[in-house]
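Here is a quick tour for anyone meeting this structure for the first time. Take a look at it before reading on.

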Amino acid sequence: MNHWIVAPIVLPAILAPFIIMVLRYHLDLQRIFSVAGVVALLGIALTITAQAAGGDIQVYELGNWPAPFGIVLVLDRLSAMMVLLTALLALPIVLYAIASGWDDRGKHFHALFHFQLMGVCGAFLTGDAFNLFVFFEVLLIASYGLMTHGGGAVRLKAGVQYVAYNLLGSTLFLFALGTLYAVTGTLNMADLAVRVAELPADDTALLRVGAVLLLLVFCIKAAVLPLHFWLPASYASAPLPVAALFAIMTKVGAYSIIRMYTLGFGPQVEATQGLVGDWLQPAALVTLAIGAIGILGAQHIARMVAFCAITSMGTLLIAISLFTETATAAALYYVYHSTLATALMFLVADLVMERRGGAIAPTAPMPQSGLISSLFFVGAIALAGMPPLSGFIGKLLVLDAARDAPDANAIWAVILIGSFVTIVGLARAGSLIFWKSHDAQHNTETGPKNEEEAQPAPAPEPNPGLVFTAVFAMAMGLVLLTLFAGPALEYTNKTAEQLFTPENYIAAVLGGDT
Amino acid sequence: MEALVASAVGVMTAAGIFLILRRRTFPVILGLSLLTYAVNVFLFATGRLALDAPAVLNKYKDVPYTDPLPQALVLTAIVISFGMTAVIVMIALSAYLSSKDDHIDMSAHDSVDAPGEDA
């Protein structure tokens with residue numbers, strides 16, 4: 001067996017308790033180990049992606065129990081690229097959190113960070129539905145701690161909502177898994193797919209209930225309308241570097257939809273026919289529309305970015321719900337783009353909030369306004385899907401994949417109008433925050449703050465150099481994703497091809513010894 | 001037996017859903033724990049109900065047995081839900097103590113506030 005597969009889970013699982021127990025009072029050492037851990041994770045992720053790129057599906061049997069009796073981890077192209085994305089996202093964020101001093105505003109930031117990474121990587125790698133639930137819980141428990149990191153009344157209240165909502169989601173997840181187990185007698189995803197296909201037609205009612213419940217759970221995670229309302233308050237109230245990390249959490253929901261529904265519950269199975277297409281697609285369209293309106297109406301930059309996250313999930317889920325090979329390839333490219341772009345915008349929003357508060361209204365100019373506004377500009381172009389950045393390529397691919405779909409007109413209209421509204425909303429926020437502030441300097445009405453700060457104040461971060469390095473690294477990720485769109489697309493095309501031949505996956509998991 | 005288990009799950013779920021729709025955190029947390037109890041009983045039933053049967057196969061003679069997997073699932077689910085309930089109680093308590101208000105909803109004032117400022 002190839003032991004690299006379990007490494008993305010084991011490394012943070014060992015590092016996080018080590019940070020809590022040994023380095024509890026040494027913030028500097030925690031930072032060193034935490035960054036080293038993320039760099040090592042990145043190395044592991046690159047290794048396993050290189051291994052998966054060949055097209056082999058590798059199976060890791062935990063405790064050497066053969067599937068379907070034991071829990072397996074499965075490494076295919078999709079899980080490898082998602083683990084790589086997690087590591088790529090985590091590195092700038094951990095650097096940003098260190099440089100901006102966020103990790104010092106509460107306890108155990110780094111330990112929780114690594115537990116979160118463990119949960120996310122585990123969810124991407126596991127080949128067992130109940131194990132997926134367990135990794136969801138791992139990442140959620142860590143996210144509860146991270147979300148309330150730093151404390152404060154508003155954040156804690158938003159935290160209660162967030163935890164309550166996710167506990168409800170977990171309960172629903174258990175109901176779904178229980179129903180599936182009652183019908184099929186297995187929880188291994190590959191085995192589930194086999195049993196679902198073989199199920200007699202009379203028994204499918206309960207299976208459909210289970211599949212709908214499962215879809216609901218993943219939609220809660222992916223913040224699909226009408227189950228999205230936990231997201232704006234939670235993300236806007238969380239520490240924004242943490243919200244940037246949470247950009248991957250909504251993608252865990254999207255990943256689970258792709259994984260479960262390409263494997264077992266696709267349109268080829270009568271019991272679950274139409275679930276992804278007929279149900280998810282309208283919901284995704286409305287999600288995109290509401291997200292765009294939310295961007296336009298937001299009064300606070302963090303809320304605005306949270307709605308950006310919702311719009312990008314809308315576009316992503318439209319692509320997933322088309323359920324064809326080209327659309328899935330486009331969706332996978334869009335996953336990379338939207339995660340990095342949303343995270344970049346959250347970091348920029350944090351830079352803005354640390355300097356002048358988050359209100360989208362003219363105030364006194366802030367230090368490094370030019371630098372931050374150019375970063376905001378990059379993030380806004382990427383999120384709105386304007387050329388030349390990867391958002392444009394991503395949206396173009398989604399539109400192209402939707403061309404032959406039955407609802408192509410509706411999809412094109414919603415995506416294009418949604419992008420337009422997003423551009424207007426982001427332009428409004430950008431001009432109010434960055435341009436009007438300069439005008440306001442010459443205006444006596446803006447209050448006494450102006451006279452005190454004739455000279456712009458220095459940056460509030462303890463280490464502004466590293467802060468900007470981290471944010472620029474995130475922006476650089478988007479640029480690279482644009483420059484190397486060709487190879488990236490080649491990879492996602494092959495990934496989609498692999499996903500739409502689930503027989504290979506099933507054979508690899510149930511086939512016996514590897 | 002089936003009717004008893006089914007109605008136990010149903011009543012607990014109904015009560016749990018009623019409670020999580022309340023406006024204060026305490027009933028909501030109670031509702032969440034009731035829901036987790038309901039799902040635990042439900043998970044037990046997913047392996048079919050069997051009375052007085054061991055959870056292991058007998059290798060010498062053909063005796064009835066009960067499915068051991070749901071029991072393992074329930075154990076995991078209990079541990080997780082118990083821990084989660086403890087976490088939400090702690091977060092709700094500190095939210096209550098810091099804002100002197102245990103409403104679960106955020107007032108308009110809360111959301112306009114810049115959340116980063118009070119850290």
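**Ground rules and confidence**

This is a predicted model, in which local features need pLDDT of at least 70, side-chain atom pairs count only at pLDDT 80 or more, and totals for chains, interfaces and linings use all residues. Residues are numbered from 1 along each chain as its sequence is written, while chains are lettered from A and ligands numbered from 1 in the order in which they are written.

The model scores ipTM 0.90 and pTM 0.91. Within chain B, helix H1 (residues 2–20) has the highest confidence, at 94, and H4(B) the lowest, at a mean of 51. Over residues 112–119 of chain B the pLDDT is below 50, yet this stretch still has 23 contacts in the model beyond near neighbours in sequence. Two residues are in contact if their C-beta atoms, placed from the backbone, lie within 7 Å.

Helices (H or I, at least four residues) and strands (E, at least two) are DSSP runs, numbered from the N terminus. Of the 119 residues of chain B, 29% count as buried. A residue is buried if 20 or more other C-beta atoms lie within 10 Å of its own, exposed if 12 or fewer, and partly exposed in between, with C-beta atoms placed from the backbone. Among contacts in chain B between residues at least 6 apart in sequence, 55% join residues at least 24 apart.

How many residues of chain B are in contact with chain A? There are 35, and they touch 39 residues of chain A. On chain B's side, the elements giving two or more residues are helix H2 (25–45), helix H3 (68–99) and helix H4 (108–112). H3(B) supplies the largest share, 13 residues. By class, this side of chain B has 22 nonpolar, nine polar and four charged residues. Here Ala, Val, Leu, Ile, Met, Phe, Trp, Tyr, Cys and Pro count as nonpolar, Asp, Glu, Lys and Arg as charged, and the others, Gly among them, as polar.

**Two helix pairs in chain A**

Now for chain A. Helix H11 (residues 275–297) and helix H12 (residues 301–322) of chain A pack at an angle of about 155°, with their axes 7 Å apart. Axes are lines fitted to C-alpha atoms, for helices over the stretch in contact, and angles run from 0 to 180 degrees between N-to-C directions. H11(A) and H12(A) are therefore roughly antiparallel; angles under 35 degrees count as roughly parallel, over 145 as roughly antiparallel, 65 to 115 as roughly perpendicular and the rest as oblique. Their crossing is left-handed, which is the label when the near helix is turned anticlockwise from the far one by less than a right angle (clockwise is right-handed). The contact of H11(A) with H12(A) has 15 nonpolar, nine polar and no charged residues.

The axes of H6(A) and H8(A) come within 8 Å and cross at roughly 155°, so this pair is roughly antiparallel as well. The crossing of H6(A) and H8(A) is left-handed. Their contact has 15 nonpolar, three polar and one charged residues.

Val183(A) sits in helix H6 (residues 153–184) of chain A. Is Val183(A) buried or exposed? Val183(A) is buried, because 23 other C-beta atoms lie within 10 Å. Leaving out residues up to four places away in sequence, Val183(A) touches Asp203(A), Leu206(A), Leu207(A) and Gly210(A).

Most residues other than glycine have a negative phi, and most peptide bonds are trans.

| Site | Feature | Value |
|---|---|---|
| Ala67(A) and Pro68(A) | cis peptide bond | omega about 0° |
| Pro387(A) and Pro388(A) | cis peptide bond | omega about 10° |
| Ala223(A) | positive phi | near 55° |
| Phe323(A) | positive phi | near 60° |

Pro68(A) is in the loop between strand E1 (58–61) and strand E2 (72–75) of chain A, and Pro388(A) in the loop between helix H14 (369–384) and helix H15 (390–401) of chain A. Ala223(A) lies between helix H8 (204–222) and helix H9 (231–237) of chain A, in a loop. Phe323(A) lies in the loop between H12 and helix H13 (325–356) of chain A. Ala223(A) counts as buried, with 26 C-beta neighbours inside 10 Å, and Phe323(A) is buried with 21 other C-beta atoms within 10 Å.

Conventions
pLDDT is the predictor's confidence in each residue, from 0 to 100.
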